[in-house]
Amino acid sequence: MGNWIINNGLTAFILVVWMGINIFLFVWYYFFYDLGDQFFYTRHLLGHALAWARAPAAVLNFNCLLILLPVCRNLLSLLRGSFVCCGRTMRKQLDKNLSFHKLVAYMIALMTAVHMIAHLLNVEWYNDTRRGVHDPLSLALSNLEDSDINNTTYLNPIRNIDTAAQQTPTYFVFTSIAGITGVIITLSLILIITSSMEVIRRSYFEVFWYTHHLFIIFFAGLVIHGAGYIVRKQVTTDPPHNVTFCKTRINDWGRIPQCPIPQFSGGPAQTWWWVIGPMILYLCERLLRFIRYMQAVKYRKIVMHPSKVLELQLMKNGFKMEVGQYVFLNCPAISQLEWHPFTMTSAPEEDFFAVHIRSAGDWTDKLIDIMQQLPEGTQGPKMGVDGPFGTASEDVFDYEVSMLVGAGIGVTPFASILKSIWYKFKISNPKLRTRKIYFYWICRETHAFEWFADLLQVLEREMEERGMADFLTYKLYLTGWDQGHATHVGLRSDEDTDVVTGLKQKTHYGRPAWDKEFEQVRKENPTSVVGTFLCGPAVLATVLSKKCAKYSDVDPRKTKFYFNKENF
């Protein structure tokens, strides 16, 4: 438990606070509408469905306030810079922005379903009471006419019963402000959530990207939705209407002083109070992205690597980066609207920034095709760059010992880190705290190693020349091979260098035995704080997170592992 608290305590606390606020809002507004005297007559028509509709609406408002904040990338980068003095645990929370964004979205989906079902029941009961299906009091309340020129003192929002009884609820839903905006909001949300499923997002990113922009319609409908005023409360009259005394004296309403005709009002619409701040922040975010998009970007070099990996070396005035950061790229020749994230593989010490792009979908395939068809030495198509943005890997030099784990193209942030280390050694940077790095790279095919092996060879040679061969321990794992490859390796197994990479460190076949690796790191660093960094699949993240908890020691004088994962 102590180890788990070290790695996840603050995250759990934040989630408990978030869930506590959700529960508080739900319970508070449920009893507000279920017990409030001003809603006595409204509850008589609708029953508990009134509270079941309004309580989720309050939770929806709160979560719609939160949903945009985790995707304000520039805001998060600003906060990350502000939290430098607050410790790595606080900064780690910002790296879980997308996980929190998804969690908030799930809460919005759940509360939308409850809110919608309750209001569908409310419309049915409004219709029934308007037609006299229930008791005389319900009919009298539903038949109340408007008593002022503003046409707003009625209780039952279904004013027209000329249509057939079974068609009236449908007619009301598609002709009222609350009804039509509710339908639009719900359809937008369904499309947004279904297109965000992992299988669609991975295979059809464009579908995910475009449908996600329905959030504009969602928020517009949300702000207007409350202006329908279908939930109405009793207002104070002069003289006041005594509900306890008058509810059984329908025929005396308006005839005796104690029972003036009850009057009702809706609203005010409250949603915009909650969402106006985040909407303004997000508009500023998009404005800043547009400004960056308009800034000129030049190509320094375009390189095509094996396994359909494209390397772009780019230059942009005023661009400054840190290790492990990422940028969003937009190529108008492919799409004016699509922006895709890529971790930079260059080091801050270099006068350009580079990204490696693997063929992984329609957008990347089109970009690679465009670049392959360019005449040698020419500039590529216009490229918009937004960023750089911070990630967990920025903190790698804050640890004495670091474990870097990359899977496939997930090695890119560590390329930046290892290059930066090489530059720091060249100038003997005294600020370098890190004294040991363990690097693990897991790939399915041999060609994936080729573009990165050159960097490892340079580092390997540099460490030996400086007598620091133990500074970098790296292990490459190949998880896919055929019989021909196995035979080739067997025939050359006695060579000093590896057959696949040309490095002195031989390639391992299969997957790492993580228990063995963590045990070795703990044994070699008995009193160190070890940062474990992953850029790879969620399954591997789960495994490494558990290993960090398992092999951390509660004793503050002994080894502790902190897990960090790239998220974008």
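What covers the buried residues of α19? Hello everyone, let me walk you through that and a few other spots.

A word on the ground rules. This is a predicted model, in which local features need pLDDT of at least 70 and side-chain atom pairs count only at pLDDT 80 or more, while totals for chains, interfaces and linings use all residues. Residues are numbered from 1 along each chain as its sequence is written, and side-chain values use heavy atoms, with hydrogens and water left out.

Let's start with helix α19, residues 514-524, where W514, E517, F518 and V521 are buried. They sit on the same side of α19, because they cover an arc of only 95° around the axis; that arc is taken from the directions from the helix axis to the C-beta atoms. On the other side, K516 and K523 are exposed. Buried here means under 20% relative accessible area, exposed over 50%, and partly exposed in between, with a 1.4 Å probe and protein chains only. Helices (H or I, at least four residues) and strands (E, at least two) are DSSP runs, numbered from the N terminus.

Now back to my opening question. The cover over the buried residues of α19 includes the elements β9 (401-407), β10 (436-443), β11 (472-478), β13 (529-535), α20 (538-551) and β14 (560-565). Contact means heavy atoms within 4.5 Å.

Next, a pair of helices. Helix α6 (residues 97-130) packs with helix α9 (residues 177-194) at an angle of about 145°, and their axes are 11 Å apart. Axes are lines fitted to C-alpha atoms, for helices over the stretch in contact, and angles run from 0 to 180 degrees between N-to-C directions. From α6, the contact uses A105, I108, A109, T112 and M116, and from α9 it uses T186, L189 and I193. Those residues divide into six nonpolar, two polar and no charged.

Now look at T42, in helix α2 (residues 40-46). T42 is buried, at a relative accessible area of 1%. Leaving out residues up to four places away in sequence, T42 touches L50, Y126, L155, R232 and K233.

Finally, the cysteines. How many disulfides does the count come to? The count is one, taking a disulfide as a pair of cysteine sulfur atoms within 2.5 Å. C246 is joined to C259, S to S 2.0 Å. The torsion about their S-S bond is about -95°, so this disulfide is left-handed. C246 is buried at 0% relative accessibility, and C259 is buried with a relative accessible area of 0%.

Definitions and conventions
Nonpolar A, V, L, I, M, F, W, Y, C, P; charged D, E, K, R; others polar.
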